[in-house]
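I opened this notebook to record what I looked up in one structure. The entries follow in the order in which I made them.

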Amino acid sequence: MDIFLSLAVALLAGLFLSRLAKVLSLPAVTAYLVAGVILGPYVLGQLAKVSAFSWLSHLFFTDAERVGSLHIITEVALGFIAFSIGSEFRWSSLKHTGRQAAVVGTVQAVATTLVVDVALIVFHFLFPNVISLSSAIVLGAVAAATAPATTMMVVQQYKAKGALTSILLPIVALDDAVGLIVFAISYGVAGALGSGHVDLISVLVNPLLEIVCSLLLGAVMGFLFTWSEKFFHSRSKRLSISVAFVLLTVGFSIITIPVGRAEISFSSLLSCMMLGTVFCNICDFSEELMDRLSRWTGPLYILFFVCSGASLDLRVFKDIGIVICGFAYVIFRMIGKYFGNYFSAKAMKCELNVQKNLGIAMFPQEGVALGMATIAAAGLGADGNFVKMITLFGVLIFELFSPMLSKFALTRSGDITPEERQSSRGRA
């Protein structure tokens with residue numbers, strides 16, 4: 001029963017805080033994350049541990065284990081978010097922005113890695129007792145990752161539409177694929193520094209297999225999805241089979257198949273993105289179905305961000321070394337993202353508004369980066385744990401403040417415009 005009470009409180013807290021966020025002209029995503037922090041183990045969760053308030057333990061997230069038990073919500077929500085992003089890869093749009101998105105997405109990810117690597121390596125030589133060379137190299141790769149969920153939620157909330165939005169979503173999707181390759185290489189180099197041996201299987205073969213197999217899985221599921229839709233005509237049944245195929249794709253992406261020394265694994269983000277891409281390009285009523293699906297998934301997204309906020313570890317602020325290095329990571333990642341996007345967009349002759357605002361809209365960071373940090377913590381010992389702590393620090397800062405910056409960038413570019421909307425209670 002506790003889990004149902006916690007989910008209900010999480011949903012209500014996110015909704016009511018979003019009303020306050022609207023008054024303050026803040027994105028709803030920020031409100032959901034703050035609600036999670038408040039309900040999490042380090043605020044109200046601590047109060048529930050006091051004997052006089054022990055009854056509150058039924059309502060709040062009292063420890064990280066309880067937050068972790070809701071991982072299924074995170075996996076499913078990310079699957080639907082990735083599916084929505086994939087639907088933005090319509091061939092009609094890619095004919096105009098596809099080449100630009102591919103070049104800018106690749107260059108900005110590599111540029112961010114290099115900027116953060118150089119900064120933290122210099123930091124290592126100045127303060128060798130604070131950060132190791134291996135940690136600095138891996139953190140550069142982690143910095144490349146962007147949070148597609150946050151970006152998509154800001155775009156959907158404000159119904160952003162324009163030149164920046166049309167190139168932003170494909171770049172965010174591509175960013176994860178490039179980030180996986182960069183991380184695998186950096187992780188392999190960091191491991192070699194510690195062991196003196198370079199494993200080409202883990203550095204090159206496994207990440208390439210993961211990307212190719214994920215795209216193949218998504219494509220196959222996309223064709224099966226479109227074929228299956230032909231047997232159903234009512235809107236409710238088409239919506240149901242849409243949900244089923246997203247869940248199927250997420251489920252299959254968890255499977256890992258060892259092949260000799262190599263390993264076939266899948267990224268649920270890339271697989272679901274490909275599912276959405278194939279479906280939206282070969283199904284003639286995909287736009288209508290995507291609109292209905294986005295309404296159905298609203299509560300799921302709120303729970304996802306509230307749970308994400310609850311999982312943010314506030315203890316990272318206790319260690320002054322983590323705080324100093326964390327701020328260096330945050331600052332130089334922002335520099336890398338901004339100028340990497342600016343100069344690559346300029347080279348590709350993107351519109352001036354895109355050049356000036358694209359980097360700011362790509363500051364969000366969350367799930368993919370945490371996944372990379374978890375892998376580092378499992379394989380690099382103390383250096384990996386340091387990487388995870390810095391990544392947690394960065395995610396905490398970026399997730400609380402970057403939605404506002406994304407809204408600012410989309411507004412300044414003209415993709416978000418104030419408009420009169422009809423609500424259920426009259427004109428808003």
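**Entry 1**

The model is predicted, so local features need pLDDT of at least 70 and side-chain atom pairs count only at pLDDT 80 or more, while totals for chains, interfaces and linings use all residues. Residues are numbered from 1 along each chain as its sequence is written, and side-chain values use heavy atoms, with hydrogens and water left out.

Lys-349 sits in the loop between helix 15 and helix 16 (352–361); helices are DSSP runs of H or I with at least four residues, numbered from the N terminus. Its phi is near 60 degrees, a positive value in a residue other than glycine.

I then turned to Lys-159, in the loop between helix 8 (148–157) and helix 9. Lys-159 is exposed, at 52% relative accessible area, and its phi is near 50 degrees, again positive in a non-glycine residue.

**Entry 2: A salt bridge**

How many salt bridges does a search of the whole structure find? I noted one, taking the term to mean a side-chain nitrogen of Lys or Arg within 4 Å of a carboxyl oxygen of Asp or Glu. Lys-337 pairs with Asp-175, and their closest N and O atoms are 3.1 Å apart. Lys-337 belongs to helix 15 (residues 320–347) and Asp-175 to helix 9, so the pair ties together parts 162 residues apart in sequence. Lys-337 is buried, with a relative accessible area of 0%, and Asp-175 is buried at 0%.

Technical notes. Helices (H or I, at least four residues) and strands (E, at least two) are DSSP runs, numbered from the N terminus. Buried means under 20% relative accessible area, exposed over 50%, partly exposed in between (1.4 Å probe, protein chains only).
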